[in-house]
Amino acid sequence: MDHGISAGQTISPFYDSMIAKLIVNGKDRESALNQAIQALEQTEVAGVVTNAAFLKQILCHDGFATGRVDTHFIEQHQAALIPSEVTIPDAVIAIGALYV
């Protein structure tokens, strides 16, 4: 993980998509993809909304895994990459209930 922030800093909306990046490597594409997926699953970010779930969807897509990617990948596979319904984890609901 590479980032340039520290506790208490304010992240401008002009730079919120660039607060950090995940870097992996592997002996081949499959190994690197598996490492990236595992890293995204283990990453926790507090205080800002991230696109980690979306990135995982991309990494898990067969087309991406096999290298069939171009600049229209997201547009072409939007239905598979972007869920039409958002599921709120039980832990989030419990924390909200405790707050209220």
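A nonpolar core is a set of buried Ala, Val, Leu, Ile, Met, Phe, Trp, Tyr and Cys residues joined through side-chain atoms within 4.5 Å, where buried means under 20% relative accessible area, exposed over 50%, and partly exposed in between, with a 1.4 Å probe and protein chains only. The model is predicted, so that local features need pLDDT of at least 70 and side-chain atom pairs count only at pLDDT 80 or more, while totals for chains, interfaces and linings use all residues. Residues are numbered from 1 along each chain as its sequence is written, and side-chain values use heavy atoms, with hydrogens and water left out.

**Exercise 1.** Describe the fold order and the overall spread of the protein chain.

Solution. Begin with the DSSP runs, which count as helices (H or I, at least four residues) or strands (E, at least two) and are numbered from the N terminus. The protein chain has 6 helices and 2 strands, arranged along the sequence as β-β-α-α-α-α-α-α. Its radius of gyration, taken over C-alpha atoms, is 16 Å, well over the 13 Å that the globule rule gives for 100 residues, so the chain is more spread out than a compact globule; that rule is 2.2 Å times the number of residues to the power 0.38. Along the principal axes, the C-alpha trace spans about 45 × 35 × 25 Å, and 15% of the 100 residues count as buried.

**Exercise 2.** Identify the residues of the largest nonpolar core and the elements that give two or more of them.

Solution. The largest nonpolar core has 9 residues, namely Leu 33, Ala 36, Ile 37, Leu 40, Ile 58, Leu 59, Phe 64, Phe 73 and Leu 81. Two or more residues come from each of helix H1 (29-42) and helix H2 (52-60), and H1 gives the most, with 4 residues. For Phe 73, contacts (heavy atoms within 4.5 Å) beyond four places in sequence are made with Ile 58, His 61, Gly 63, Phe 64, Arg 68 and Leu 81.

**Exercise 3.** Is Ile 74 buried, partly exposed or exposed, and which residues does Ile 74 contact beyond four places in sequence?

Solution. Ile 74 lies in helix H4 (residues 73-76) and counts as partly exposed because its relative accessibility is 39%. Setting aside neighbours within four places in sequence, Ile 74 is in contact with Phe 54, Ile 58 and Leu 81. The C-alpha atoms of Ile 74 and Ile 58 are separated by 8.1 Å, although these residues stand 16 apart along the chain.

**Exercise 4.** Locate Val 86 and classify its exposure.

Solution. Val 86 belongs to the loop between helix H5 (78-81) and helix H6 (90-99), and Val 86 is exposed, because its relative accessible area is 68%.
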